[in-house]
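Hi,

Here is the structure I promised you. Have a look at it first, and then read on for what turned up when I went through it.

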Amino acid sequence: MENFNYHRPASVDDAVKAAKAHPEAKYMSGGQTLIPAMKQGLAAPSDIIDLGALKNSGVSLGSSLVIKAGTTHAEVASNADVKKAIPALAGLAANIGDPHVRHKGTIGGSIANNDPAADYPSACLGLGATIHTNARKIAADDFFTGLFSTALEEGEVVTAVEFPLPKKAGYAKFPNPASRYAMIGVFVADTGSGARAAVTGAGHGVFRAKEIEGALAKGFSAASLNGVKVGTDNVAGDLHASAEYRAHLITVMAKRAVDAAK
Amino acid sequence: MDNGTGIGARVKRKEDHRFLTGKGNYTDDINLPKQTYAYFVRSPHAHATINKIDTAAAKKMPGVVGIFTGEDIANSKLGGLICGWMIHSKDGSPMKAGPHPVLAQGKVRYVGDHVAVVIAETREQAKAAAGAVEVDYGVLPHVVDVADAMGHKAQIHDVAPDNRVFNWSIGDEAATDAAFKKAAHVTKIDLVNNRLIPNAMEPRAAIGYYDTGADHYTLYTTSQNPHVARLVISAFHGLAPEHKLRVIAPDVGGGFGSKIFIYAEEVVCVWASKYVGGRPVKWTAERTESFLADAHGRDHVTHAELATDAGGKIIGFKVHTKAAMGAYLSTFSSCVPTYLYATLLSGQYNIPAIYAEVDALYTNTAPVDAYRGAGRPEATYVVERIVETAARELKMDPAEFRRKNFVTQFPHQTPVIMCYDAGDYAAALDEAMKIADVKGFPARKAASAAKGNYRGLGYSAYIEACGIAPSAAIGSLGAGVGLWESAEVRVNPVGTVEILTGSHSHGQGHETTFAQLVSDRLGVDINNVAIVHGDTDKVQFGMGTYGSRSGAVGMTAISKALDKIEAKAKRIAAAVMESSPEDVEFKNGTFTVKGTDKKMAFGEVALSAYVAHKFNSAEIEPGLKESAFHDPSNFVFPAGVHIAEVEIDGDTGVTTVVNYTAVDDFGNVINPMIVEGQVHGGITQGIGQALAEGAVYDKVSGQLLTGSYMDYQMPRAADVPSYKLGFTCTPCPSNPLGMKGCGEAGAIASPAAVMNAVTDALAVKDVPMPATPNVVWNQLQHLKKAAE
Amino acid sequence: MPAISMKVNGQAVCGEVEGRTLLVEFIREKIGLTGTHVGCDTSQCGACVVLVNGKAVKSCTALAVAHDGAEVITVEGLAADGKLHPMQEAFKDNHGLQCGFCTPGMVIASIDMVNRLGKNLSEETIRHELEGNICRCTGYHNIVAAVKAGAANM
């Protein structure tokens with residue numbers, strides 16, 4: 001991989017300063033997506049700003065669940081508050097990548113990267129989370145803007161994700177057989193003020209499936225989804241799954257997510 | 001001897017300690033002083049002319065030591081890569097082997113083809129400079145699918161205008177046609193045997209070193225057969241005579257066939273060292289390079305027809321196969337879809353007439369060569385899929401249809417060369433059906449159906465031929481080498497033993513099993529036996545490890561050398577104990593004189609051999625060291641029955657192997673623990689072929705779409721079940737140990753078992769491999785449509 | 001080039017690295033511990049897994065410079081006083097390895113699994129938890145048996 005200058009700021013302010021000073025810099029949190037991308041030559045930043053020294057990890061539970069950006073998947077998966085408040089989120093984190101990746105990868109890194117097959121974006125969108133950055137708070141509905149793109153400005157850094165507490169929520173993932181990223185992952189939530197369903201892995205980036213949400217509005221049960229067909233508008237086909245198959249899996253995974261919802 | 005470490009004992013592996021403590025010594029673990037690093041410039045095109053290579057900018061990059069292209073190879077008169085088995089077409093013409101220079105000359109023929117090598121002080125510098133080598137390509141039409149290759153406008157080699165390497169046949173066409181005319185029923189099937197990428201976990205690596213003082217080359221390499229590598233690099237590439245070239249294959253991290261072959265990278269490393277002032281040149285494949293440029297496996301398209309009489313007896317079998325060779329003929333590629341494939345088309349069955357024709361075709365893809373099973377999985381797939389299909393069409397139970405047609409008398413001469421020497425196929429079938437609880441299957445199927453899932457059961461009654469031999473016979477069939485094996489037994493004065501063998505372990509545990517044989521025969525503690533392999537300076541010559549040959553051939557060579565050791569030791573013991581050799585008996589490590597209480601331990605005899613005080617050295621030479629070469633009189637024929645049971649998720653199309661039973665006849669077994677491990681690994685690779693793995697080249701771009709673990713599904717732990725194994729035993733009559741071979745059986749048997757189960761579950765004739773969730777779901781949609 | 005120091009298998013080590021130097025490169029090339037292997041370039045095979053501050057990570061997907069001050073355990077650091085770690089012993093007893101290439105990562109991942117989930121592991125759990133470690137030789141059957149046995153003895 002291409003070489004780069006390495007920075008390890010001790011505060012968010014210093015991180016932002018470093019990013020502003022180096023326009024070709026990239027933030028690195030757990031590095032579990034960025035380092036492979038750099039090894040493949042898909043990314044070649046001039047500078048890496050490692051957020052690892054910020055010590056910005058941890059979970060707090062009040063009227064909402066706040067997970068600091070540097071919290072690893074393993075920490076989220078095993079955190080008692082997450083398990084109590086949104087067990088589906090703990091379950092999602094417990095199945096990202098593999099155990100070794102979960103020891104490194106962080107929620108902030110995952111959502112800032114917004115890989116179209118990543119798990120966390122679907123939870124953020126499915127739960128209607130709010131993304132906290134060094135500068136502002138952004139609703140998940142506004143945050144994920146497309147393939148690998150987000151509403152983050154240059155140098156803006158995610159500091160935490162705030163999840164409202166749903167009545168119940170569930171997540172079901174159909175992993176890509178080779179990479180084990182989501183080939184389709186559906187996060188459903190009964191928020192108390194309506195049902196939300198967000199889909200990841202479909203190819204063009206995380207999105208809310210209106211067909212699923214509409215059906216669940218009539219009753220938050222798998223039976224409500226019988227016969228529901230999701231169109232292929234937001235769905236791509238590739239080597240592993242045709243668009244039709246992926247669209248079909250959205251309904252199947254949505255049912256399983258609803259069945260599993262707690 | 002019965003000390004718990006002899007033949008048949010589950011001895012824990014001697015090699016494990018170093019692997020478990022990180023002290024293995026793989027090629028990439030080795031670093032030599034003043035070492036440089038090679039990185040290869042590879043073709044981004046499936047087929048193109050090379051108009052110009054400009055290295056000027058790259059040469060100025062930091063750390064660059066040298067950049068070489070095909071022109072430099074041509075100027076140094078380094079020969080091209082060879083294919084070591086001559087196949088003649090049925091019209092008598094020799095196969096059409098296009099040139100295969102180690103760095104492309106004038107043309108590239110697949111994505112990943114070797115265009116130039118950059119050698120630099122560090123790996124990163126070599127890679128960066130490789131990116132600066134400018135190549136002007138003239139893109140040509142390409143063809144990546146074997147089904148399309150014949151006569152395609154993409155003409156890959158001048159010598160083969162229609163892309164056909166050979167059109168080969170075996171069997172009696174007229175007799176087979178006659179059988180089909182009499183047939184009561186003919187079953188037809190079209191099958192694709194998917195292209196696989198071997199993926200040994202250790203990527204290939206090499207360090208080439210030219211000693212300018214001694215005018216001598218050394219090559220460290222990830223090889224299953226270092227002597228064959230030395231022979232080819234000496235005799236065909238013409239790099240240096242054999243005594244000026246040492247090839248060392250240290251610990252090798254898996255091979256599965258892919259490390260048999262002589263590849264461009266390894267040859268270039270050892271060649272280039274001379275041109276960078278004798279500095280060592282190291283190359284380690286990135287996994288991406290392994291995907292692109294290791295020899296792939298399988299890739300057959302087959303049409304087969306099976307004729308049966310009114311009583312359900314098979315009377316004739318016709319097969320036509322198109323076999324992809326890739327862009328060049330790799331080292332043993334031509335024998336795989338011919339003598340290793342069509343000679344097994346009789347399966348376990350008594351088939352009076354067989355005719356098979358094979359078109360081997362160039363495609364703009366990585367070369368295809370032997371991969372675990374090499375031809376025999378392809379044969380088993382064709383035989384076992386069509387036999388299953390025939391049984392279904394005839395409304396016969398698939399097990400009973402097989403049983404009715406099994407060979408039961410031995411020796412059995414098939415119409416396709418092979419003469420099966422021993423076996424009991426029905427015994428394996430009975431045992432497998434018992435272990436798999438076939439009787440309970442209908443209830444399990446009903447339980448699955450109640451959940452909306454589909455359950456299926458599939459058989460595979462495979463036979464394979466391994467320990468390929470004898471040399472004279474295979475020579476007459478076109479082999480460029482003999483397939484014997486060598487062994488040398490060195491007994492040290494203190495009675496410890498070193499075995500030098502031409503076999504080479506890359507995971508099979510030779511250091512343990514070979515020592516068990518010695519321990520058994522000489523009564524020596526297993527820890528006092530060392531196995532030496534993998535170094536052409538230590539072992540004089542050998543043919544290496546592939547084709548499940550190291551037990552049946554390699555150990556038999558050791559056994560023969562041990563016979564000689566025992567004979568000489570008896571003469572020495574007799575002299576020391578003042579008796580005659582005929583009266584000396586050797587048992588449990590002790591020499592005794594019949595009818596007396598005289599005895600000598602093996603160690604004492606060894607010491608006497610070297611001290612040489614107590615015998616007449618005009619009659620008996622001092623020392624105790626013997627060697628043997630063993631050329632088997634026949635192949636060995638492992639066989640067995642595997643039963644797969646699958647459950648298909650009706651919602652998603654996901655196929656899960658829920659039960660897998662394997663009953664194998666490997667003859668006598670040295671170490672059951674190791675044999676079971678071989679079976680487990682083989683089955684998993686076969687399940688991988690059936691359900692997960694498939695190399696896909698894009699028809700339009702010619703790019704390899706499955707070029708990493710992101711897109712090529714390797715079986716992981718959660719993808720497979722634990723296996724149920726059983727064994728039957730008919731000792732092999734053609735070697736003194738009665739051994740067959742076990743390394744490939746699992747991979748040979750399992751794809752057909754799994755796909756017979758999948759097609760049984762869905763009640764369809766065929767589902768293509770790999771039966772991924774999407775593929776199976778597509779089938780479910782067809783079924784739903786048909787039902788509507 | 002930044003200089004870093006770490007404790008590897010209890011020994012203090014230091015060296016200069018580039019920003020891009022991977023932890024596995026530091027371990028294999030700078031300090032010469034070649035038991036940790038590289039089997040892929042997409043962070044999937046797990047041959048490179050080591051313990052960093054007690055947790056299993058893929059050392060091919062970690063920058064050495066980011067691990068200044070870390071405590072690293074590699075496969076070389078598991079056996080104590082010439083006695084194999086119970087997990088190493090179990091891999092040997094159960095024939096959980098063949099070519100040995102994936103083994104260092106497998107053993108470390110298995111130890112980490114027990115550290116996280118305890119000694120009583122079901123086959124299903126073991127298979128699921130080995131998601132990040134690929135073996136081409138054993139078919140996993142004996143690895144699963146080894147992890148089960150090794151866990152019980154840890």
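Let's begin with chain C, where the domain assignment gives domain 1 (3–77) and domain 2 (86–153). Do keep in mind that this is a predicted model. The C-alpha centres of domain 1 of chain C and domain 2 of chain C are 21 Å apart. Where the two meet, 15 residues of domain 1 of chain C are in contact with eleven residues of domain 2 of chain C. On the domain 1 side of that contact, β3 (49–52) and β4 (55–58) of chain C each bring at least two residues, and β3(C) gives the most, with three residues. By class, this side of domain 1 of chain C has eight nonpolar, six polar and one charged residues.

Next, α2(C). Its buried residues are C:M87, C:Q88, C:A90, C:F91 and C:K92. What do they pack against? The buried residues of α2(C) sit against α3 and α5 of chain C, and also against α1 (16–20) of chain B. After α2(C) comes C:H95, with a positive phi near 50°.

That brings us to how chain C meets chain B. The contact takes 45 residues from chain C and 42 residues from chain B. On the chain C side, the elements that give two or more residues are α2 (86–93), α3 (103–117), α4 (123–129) and α5 (141–153). Sorted by class, the side of chain C that touches chain B has 21 nonpolar, 16 polar and eight charged residues.

Chain B also touches chain A, and there the contact takes 14 residues from chain B and eleven residues from chain A. The chain B side of it divides into eight nonpolar, four polar and two charged residues.

Now for chain B itself. The assignment divides chain B into domain 1 (16–22 + 484–630), domain 2 (31–140 + 201–254 + 259–293) and domain 3 (300–468 + 634–787). Taken over C-alpha atoms, the centres of domain 1 of chain B and domain 3 of chain B are separated by 40 Å. Between these two domains, 16 residues of domain 1 of chain B are in contact with 19 residues of domain 3 of chain B. α15 (510–522) and α16 of chain B each supply at least two residues of the domain 1 side, with α16(B) giving the most, six residues. That side of domain 1 of chain B divides into five nonpolar, ten polar and one charged.

There is a database note for chain B as well: an unreviewed UniProt entry lists residues 21–141 of chain B as "domain: Aldehyde oxidase/xanthine dehydrogenase a/b hammerhead". In the model, that span is 15% helix and 29% strand, and its end C-alpha atoms lie 51 Å apart.

Last, the core. Which residues touch the most other members of the largest nonpolar core? Of its 408 residues, they are A:V186, A:V188, B:A38, B:V118, B:L345 and B:V754. Helix α16 (residues 550–576) of chain B contributes the largest share of this core, 13 residues. As background, nonpolar side chains tend to be buried together in soluble globular proteins.

Cheers

Terms used. Residues are numbered from 1 along each chain as its sequence is written. Chains are lettered from A and ligands numbered from 1 in the order in which they are written. This is a predicted model: local features need pLDDT of at least 70, side-chain atom pairs count only at pLDDT 80 or more; totals for chains, interfaces and linings use all residues. Two residues are in contact if their C-beta atoms, placed from the backbone, lie within 7 Å. Helices (H or I, at least four residues) and strands (E, at least two) are DSSP runs, numbered from the N terminus. Ala, Val, Leu, Ile, Met, Phe, Trp, Tyr, Cys and Pro count as nonpolar, Asp, Glu, Lys and Arg as charged, and the others, Gly among them, as polar. A nonpolar core is a set of buried Ala, Val, Leu, Ile, Met, Phe, Trp, Tyr and Cys residues joined through C-beta atoms within 7 Å. A residue is buried if 20 or more other C-beta atoms lie within 10 Å of its own, exposed if 12 or fewer, and partly exposed in between; C-beta atoms are placed from the backbone. Domain bounds come from an automatic or database domain assignment. UniProt positions are given in the numbering used here, feature names are shortened, and annotations may be inferred rather than shown by experiment.
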